Amino acid sequence: MVNKAYDKLDSLVAIVSSVADGKPAGCIVNSVSQVAGGKFSIAMNKDNHTCEVIDKSGLFTIMLPTQDVAAQVIADFGMKSGHQLNKFASMPHIKDKKGVPYLTQDIAARFACRVTDKLDVGSHILFIGTVYEVEDRMDAPVLTTSYYKSVKEGQLPKNAPATSTGEPGWRCTVCGYILESDEIPDGFKCPICGRGPNMLVKR
Ligand SMILES: Cc1cc2nc3c(=O)[nH]c(=O)nc-3n(C[C@H](O)[C@H](O)[C@H](O)COP(=O)(O)O)c2cc1C
(Lines give C-alpha, C1' and ligand atoms only; values in the text may rest on other atoms or scores of the structure.)
Protein backbone atom coordinates (compact mmCIF):
# COMPACT_ATOMS: atom_id res chain seq x y z
CA MET A 1 0.00 0.00 0.00
CA VAL A 2 1.06 3.58 -0.61
CA ASN A 3 2.15 5.46 2.47
CA LYS A 4 0.23 8.72 2.17
CA ALA A 5 3.18 10.57 3.71
CA TYR A 6 4.70 10.59 0.20
CA ASP A 7 1.72 12.56 -1.12
CA LYS A 8 2.59 15.39 1.24
CA LEU A 9 5.95 16.04 -0.41
CA ASP A 10 5.65 19.07 -2.66
CA SER A 11 8.39 20.32 -4.96
CA LEU A 12 9.13 22.03 -8.25
CA VAL A 13 8.53 20.08 -11.43
CA ALA A 14 11.50 21.11 -13.58
CA ILE A 15 12.99 20.12 -16.92
CA VAL A 16 16.72 19.38 -16.82
CA SER A 17 18.78 19.39 -20.01
CA SER A 18 22.37 18.68 -20.97
CA VAL A 19 24.51 17.91 -24.00
CA ALA A 20 27.55 15.73 -24.71
CA ASP A 21 29.31 15.08 -28.02
CA GLY A 22 26.73 17.35 -29.70
CA LYS A 23 23.83 15.12 -28.57
CA PRO A 24 21.16 16.81 -26.42
CA ALA A 25 19.40 15.16 -23.47
CA GLY A 26 16.69 16.17 -21.08
CA CYS A 27 14.06 14.92 -18.68
CA ILE A 28 11.58 16.02 -16.03
CA VAL A 29 12.71 16.06 -12.39
CA ASN A 30 10.95 16.88 -9.15
CA SER A 31 14.17 16.76 -7.15
CA VAL A 32 15.58 20.27 -7.61
CA SER A 33 16.86 22.05 -4.49
CA GLN A 34 18.79 25.23 -4.04
CA VAL A 35 21.45 24.02 -1.60
CA ALA A 36 23.49 27.22 -1.22
CA GLY A 37 23.71 30.60 -2.94
CA GLY A 38 24.02 29.87 -6.64
CA LYS A 39 24.20 26.10 -6.07
CA PHE A 40 21.56 23.52 -6.97
CA SER A 41 21.21 19.77 -6.53
CA ILE A 42 19.23 17.36 -8.69
CA ALA A 43 18.69 13.61 -8.14
CA MET A 44 18.99 11.74 -11.43
CA ASN A 45 18.09 8.07 -11.84
CA LYS A 46 21.04 6.08 -13.19
CA ASP A 47 18.85 4.53 -15.93
CA ASN A 48 18.03 7.93 -17.39
CA HIS A 49 19.80 8.94 -20.59
CA THR A 50 20.05 12.45 -19.12
CA CYS A 51 22.04 11.09 -16.15
CA GLU A 52 24.64 9.60 -18.48
CA VAL A 53 24.93 12.81 -20.50
CA ILE A 54 25.29 15.06 -17.42
CA ASP A 55 27.94 12.72 -16.03
CA LYS A 56 29.86 12.97 -19.30
CA SER A 57 29.58 16.72 -19.90
CA GLY A 58 29.56 18.04 -16.33
CA LEU A 59 26.79 20.44 -17.33
CA PHE A 60 23.07 20.71 -16.65
CA THR A 61 20.41 23.36 -17.05
CA ILE A 62 17.32 23.56 -14.86
CA MET A 63 14.23 25.02 -16.56
CA LEU A 64 11.12 25.91 -14.57
CA PRO A 65 8.06 25.34 -16.75
CA THR A 66 4.92 27.40 -16.20
CA GLN A 67 1.68 25.76 -15.09
CA ASP A 68 0.44 26.19 -18.69
CA VAL A 69 3.21 24.06 -20.17
CA ALA A 70 1.92 21.73 -22.90
CA ALA A 71 1.07 18.18 -21.83
CA GLN A 72 3.25 17.00 -24.74
CA VAL A 73 6.34 18.50 -23.06
CA ILE A 74 5.64 16.57 -19.85
CA ALA A 75 4.86 13.41 -21.82
CA ASP A 76 8.04 13.57 -23.93
CA PHE A 77 10.46 14.74 -21.24
CA GLY A 78 8.91 12.80 -18.34
CA MET A 79 7.75 9.54 -19.88
CA LYS A 80 10.01 8.88 -22.88
CA SER A 81 13.74 8.26 -23.00
CA GLY A 82 16.49 9.94 -24.96
CA HIS A 83 17.91 6.43 -25.39
CA GLN A 84 15.17 6.11 -28.05
CA LEU A 85 14.52 9.64 -29.37
CA ASN A 86 15.87 13.18 -29.59
CA LYS A 87 13.30 15.03 -27.48
CA PHE A 88 14.49 18.45 -28.65
CA ALA A 89 13.93 17.71 -32.36
CA SER A 90 10.25 18.72 -32.23
CA MET A 91 10.44 21.42 -29.51
CA PRO A 92 11.42 25.09 -29.99
CA HIS A 93 14.79 25.56 -28.29
CA ILE A 94 18.09 27.43 -28.37
CA LYS A 95 21.54 26.81 -26.84
CA ASP A 96 23.40 28.67 -24.10
CA LYS A 97 27.04 29.75 -24.36
CA LYS A 98 28.27 26.23 -23.48
CA GLY A 99 25.97 24.59 -26.05
CA VAL A 100 23.38 23.29 -23.56
CA PRO A 101 19.90 23.39 -25.16
CA TYR A 102 16.89 24.89 -23.42
CA LEU A 103 13.24 25.23 -24.36
CA THR A 104 11.97 28.68 -25.27
CA GLN A 105 8.23 28.24 -24.69
CA ASP A 106 6.42 28.28 -21.32
CA ILE A 107 9.66 28.47 -19.31
CA ALA A 108 9.56 30.97 -16.43
CA ALA A 109 13.22 30.74 -15.41
CA ARG A 110 16.45 28.97 -16.27
CA PHE A 111 19.56 28.12 -14.27
CA ALA A 112 22.56 26.79 -16.20
CA CYS A 113 24.98 24.89 -13.94
CA ARG A 114 28.41 23.31 -14.04
CA VAL A 115 28.69 20.10 -11.98
CA THR A 116 30.92 20.75 -8.98
CA ASP A 117 30.09 17.67 -6.87
CA LYS A 118 28.25 14.38 -7.16
CA LEU A 119 27.09 11.72 -4.75
CA ASP A 120 26.02 8.17 -5.57
CA VAL A 121 22.87 7.49 -3.53
CA GLY A 122 22.07 4.03 -4.98
CA SER A 123 19.34 4.27 -7.62
CA HIS A 124 20.12 7.95 -8.25
CA ILE A 125 23.13 10.25 -8.58
CA LEU A 126 22.88 13.53 -6.75
CA PHE A 127 24.52 16.16 -8.95
CA ILE A 128 25.46 19.46 -7.38
CA GLY A 129 26.00 22.34 -9.75
CA THR A 130 27.16 25.93 -9.56
CA VAL A 131 25.21 28.41 -11.66
CA TYR A 132 27.09 30.01 -14.58
CA GLU A 133 24.09 31.62 -16.29
CA VAL A 134 20.66 32.54 -14.92
CA GLU A 135 17.63 33.94 -16.71
CA ASP A 136 14.30 35.23 -15.44
CA ARG A 137 12.22 34.63 -18.58
CA MET A 138 8.62 35.44 -17.69
CA ASP A 139 6.26 36.19 -14.80
CA ALA A 140 3.96 33.20 -14.53
CA PRO A 141 3.28 30.61 -11.81
CA VAL A 142 5.60 27.63 -12.07
CA LEU A 143 4.67 23.95 -12.12
CA THR A 144 4.83 22.11 -8.80
CA THR A 145 4.26 18.47 -7.92
CA SER A 146 0.99 19.26 -6.14
CA TYR A 147 -0.33 21.24 -9.14
CA TYR A 148 0.85 18.51 -11.52
CA LYS A 149 -0.93 15.82 -9.48
CA SER A 150 -4.14 17.67 -8.63
CA VAL A 151 -4.83 19.94 -11.63
CA LYS A 152 -3.03 18.13 -14.44
CA GLU A 153 -3.93 14.73 -12.93
CA GLY A 154 -0.36 13.54 -13.50
CA GLN A 155 1.44 10.69 -11.78
CA LEU A 156 5.07 10.41 -10.72
CA PRO A 157 6.80 7.63 -12.67
CA LYS A 158 9.15 5.13 -11.05
CA ASN A 159 12.34 7.12 -11.70
CA ALA A 160 11.12 10.11 -9.69
CA PRO A 161 12.71 9.81 -6.24
CA ALA A 162 9.73 11.16 -4.31
CA THR A 163 7.36 8.45 -5.47
CA SER A 164 5.62 5.75 -3.51
CA THR A 165 6.80 2.29 -4.49
CA GLY A 166 5.17 -1.10 -4.67
CA GLU A 167 1.81 0.33 -5.67
CA PRO A 168 -0.34 -1.76 -8.00
CA GLY A 169 -1.67 0.05 -11.01
CA TRP A 170 -1.86 0.44 -14.76
CA ARG A 171 0.48 1.77 -17.45
CA CYS A 172 -0.67 3.47 -20.65
CA THR A 173 1.02 1.64 -23.54
CA VAL A 174 0.83 4.77 -25.73
CA CYS A 175 2.59 7.35 -23.54
CA GLY A 176 3.77 5.55 -20.38
CA TYR A 177 1.37 7.34 -18.01
CA ILE A 178 0.89 5.43 -14.71
CA LEU A 179 -2.55 5.15 -13.14
CA GLU A 180 -1.99 4.29 -9.47
CA SER A 181 -5.25 2.53 -8.75
CA ASP A 182 -6.52 -1.04 -8.48
CA GLU A 183 -9.60 -0.24 -10.55
CA ILE A 184 -9.80 1.77 -13.77
CA PRO A 185 -12.28 4.61 -13.10
CA ASP A 186 -15.44 4.76 -15.28
CA GLY A 187 -14.93 6.94 -18.35
CA PHE A 188 -11.12 6.84 -17.95
CA LYS A 189 -9.21 8.94 -20.48
CA CYS A 190 -5.41 9.19 -20.24
CA PRO A 191 -4.53 12.75 -19.06
CA ILE A 192 -1.35 12.75 -21.16
CA CYS A 193 -2.34 11.22 -24.52
CA GLY A 194 -6.14 11.11 -24.24
CA ARG A 195 -6.47 7.37 -25.09
CA GLY A 196 -9.01 5.10 -23.43
CA PRO A 197 -8.79 2.17 -20.96
CA ASN A 198 -8.13 -0.34 -23.78
CA MET A 199 -4.57 1.08 -23.96
CA LEU A 200 -3.84 0.29 -20.28
CA VAL A 201 -1.89 -2.77 -19.15
CA LYS A 202 -1.32 -4.00 -15.57
CA ARG A 203 2.14 -2.98 -14.37
C1 LIG B 1 6.66 14.75 -12.49
C2 LIG B 1 7.89 13.94 -12.78
C3 LIG B 1 8.98 14.00 -11.92
C4 LIG B 1 10.15 13.26 -12.17
N5 LIG B 1 11.23 13.38 -11.33
C6 LIG B 1 12.38 12.71 -11.59
C7 LIG B 1 13.55 12.94 -10.80
O8 LIG B 1 13.58 13.76 -9.89
N9 LIG B 1 14.67 12.21 -11.09
C10 LIG B 1 14.70 11.31 -12.12
O11 LIG B 1 15.73 10.68 -12.33
N12 LIG B 1 13.60 11.09 -12.91
C13 LIG B 1 12.45 11.79 -12.67
N14 LIG B 1 11.36 11.62 -13.47
C15 LIG B 1 11.40 10.59 -14.52
C16 LIG B 1 12.15 11.01 -15.80
O17 LIG B 1 11.74 12.27 -16.25
C18 LIG B 1 11.84 9.94 -16.86
O19 LIG B 1 12.32 8.69 -16.42
C20 LIG B 1 12.39 10.28 -18.23
O21 LIG B 1 11.73 9.47 -19.18
C22 LIG B 1 13.89 10.06 -18.36
O23 LIG B 1 14.28 10.41 -19.66
P24 LIG B 1 15.76 10.17 -20.25
O25 LIG B 1 16.00 8.68 -20.24
O26 LIG B 1 15.70 10.74 -21.63
O27 LIG B 1 16.71 10.90 -19.37
C28 LIG B 1 10.20 12.40 -13.27
C29 LIG B 1 9.10 12.35 -14.17
C30 LIG B 1 7.96 13.10 -13.92
C31 LIG B 1 6.82 13.03 -14.90
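**View 1. Strands β4 and β9 pair in the antiparallel sense over seven bridges.** The model is predicted: local features need pLDDT of at least 70, side-chain atom pairs count only at pLDDT 80 or more, and totals for chains, interfaces and linings use all residues. Residues are numbered from 1 along each chain as its sequence is written. Strands (E, at least two residues) and helices (H or I, at least four) are DSSP runs, numbered from the N terminus; two strands pair if DSSP finds at least two bridges between them. β9 spans residues 124-136, and within β9 the bridge partner of F40 is G129.

**View 2. The hairpin of β3 and β4 has two residues between its strands.** β3 (residues 33-36) runs antiparallel to β4 and is joined to β4 by three bridges. Q34 stands opposite F40 of β4. In the turn, G38 has a positive phi of about 65°.

**View 3. Three strands form an open sheet in the order β11-β10-β12, with antiparallel pairing.** β11 (178-179) and β12 (200-202) are the edge strands, each pairing on one side only. Three bridges link β10 (residues 170-172) to β12 in the antiparallel sense, and R171 has V201 of β12 as its bridge partner.

**View 4. Helix α2 is largely enclosed by the rest of the structure, because seven of its nine residues are buried.** A residue is buried if 20 or more other C-beta atoms, placed from the backbone, lie within 10 Å of its own. The buried residues of α2 are V73, I74, A75, D76, F77, G78 and M79. They pack against β1 (14-20), β2 and β5 (59-65).

**View 5. I42 and I62 have the most contacts inside the largest nonpolar core, which has 47 residues.** Such a core is a set of buried Ala, Val, Leu, Ile, Met, Phe, Trp, Tyr and Cys residues joined through C-beta atoms within 7 Å. With neighbours within four places in sequence left aside, I42 is in contact (C-beta atoms, placed from the backbone, within 7 Å) with V16, V29, S31, V32, F60, I62 and F127.

**View 6. The ligand has 27 residues around it, of which N45, T50, G78, G82 and A160 come nearest.** At least two residues of the shell come from each of β2 (23-29), β4 (39-45), α1 (49-57) and α2 (71-79); β2 gives the most, with four.

Note on methods
Near = placed C-beta within 6 Å. Buried ≥ 20, exposed ≤ 12 C-beta atoms within 10 Å, placed from the backbone. Contact = placed C-beta atoms within 7 Å.
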